[in-house]
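Hi,

Here is the structure I promised to pass on. Have a look at it first, and my notes on what turned up follow below.

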Amino acid sequence: MGTVLIVDDSRTSRKILEAILIEGGLEVIGQAADGQQGVDLYQELKPDVVTMDITMPVMDGVEALAKIKEIDPKAKVVMVTAAGQKSKIIDALKLGVDDFLTKPYESEEIVSTIMRVIDK
């Protein structure tokens, strides 16, 4: 079983993702509502993988990805994107993101993507 930190400014999105991950056999060890909280919780909790929304207040997902990779170059991060965020996706790829999930997503797709990234 792998551990996951969910970073998303939408409480509803976090709850849905948490339910899917738990049902898929993963352990959600933390949740953050913005990129800065995500960076802070990453340092504290050291999850196997982070799911990171791109558009958030305080610090967006791409900035948070950069900070997490500075702290731990081996960190595994899966970006959660909405349609129309191509430039942010390119930025995330340059920073070494492990994979992407596009909203709305399928439960099986989420779990299989997270498991594949953990096993890399």
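A definition to start with: I call a residue buried under 20% relative accessible area, exposed over 50%, and partly exposed in between, using a 1.4 Å probe and protein chains only. By that cut-off Ser13 is buried, since its relative accessible area is 16%. Ser13 sits in helix 1, residues 11-23. Leaving aside residues up to four places away in sequence, Ser13 touches Asp8, Lys103 and Tyr105, where a contact means heavy atoms within 4.5 Å.

Some housekeeping before the rest. This is a predicted model, so local features need pLDDT of at least 70 and side-chain atom pairs count only at pLDDT 80 or more, while totals for chains, interfaces and linings use all residues. Residues are numbered from 1 along each chain as its sequence is written, and side-chain values use heavy atoms, with hydrogens and water left out.

Now the overall picture. There are five helices and five strands, and along the sequence they follow β-α-β-α-β-α-β-α-β-α. Helices (H or I, at least four residues) and strands (E, at least two) are DSSP runs, numbered from the N terminus. The radius of gyration is 12 Å, close to the 14 Å that the globule rule gives for 120 residues, so the protein is as compact as a globular protein of that length. That radius is taken over C-alpha atoms, and the rule is 2.2 Å times the number of residues to the power 0.38. The C-alpha trace spans about 30 × 30 × 25 Å along its principal axes. Of the 120 residues, 49% count as buried. Among contacts between residues at least 6 apart in sequence, 63% join residues at least 24 apart.

Strand 3 is the part I'd look at next. This strand covers residues 49-53, and five of its five residues are buried. In general, side chains in a regular strand alternate between the two faces of the sheet. Here Val49, Thr51 and Asp53 point one way, with Val50 and Met52 pointing the other way.

Which strands pair with strand 3? Strand 1 (residues 3-7) pairs with strand 3 in the parallel sense over four bridges, and Leu5 has Val50 as its bridge partner. Strand 4 (residues 77-81) also runs parallel to strand 3, joined by four bridges, and there Thr51 is partnered by Val78. Two strands count as paired if DSSP finds at least two bridges between them.

Cheers
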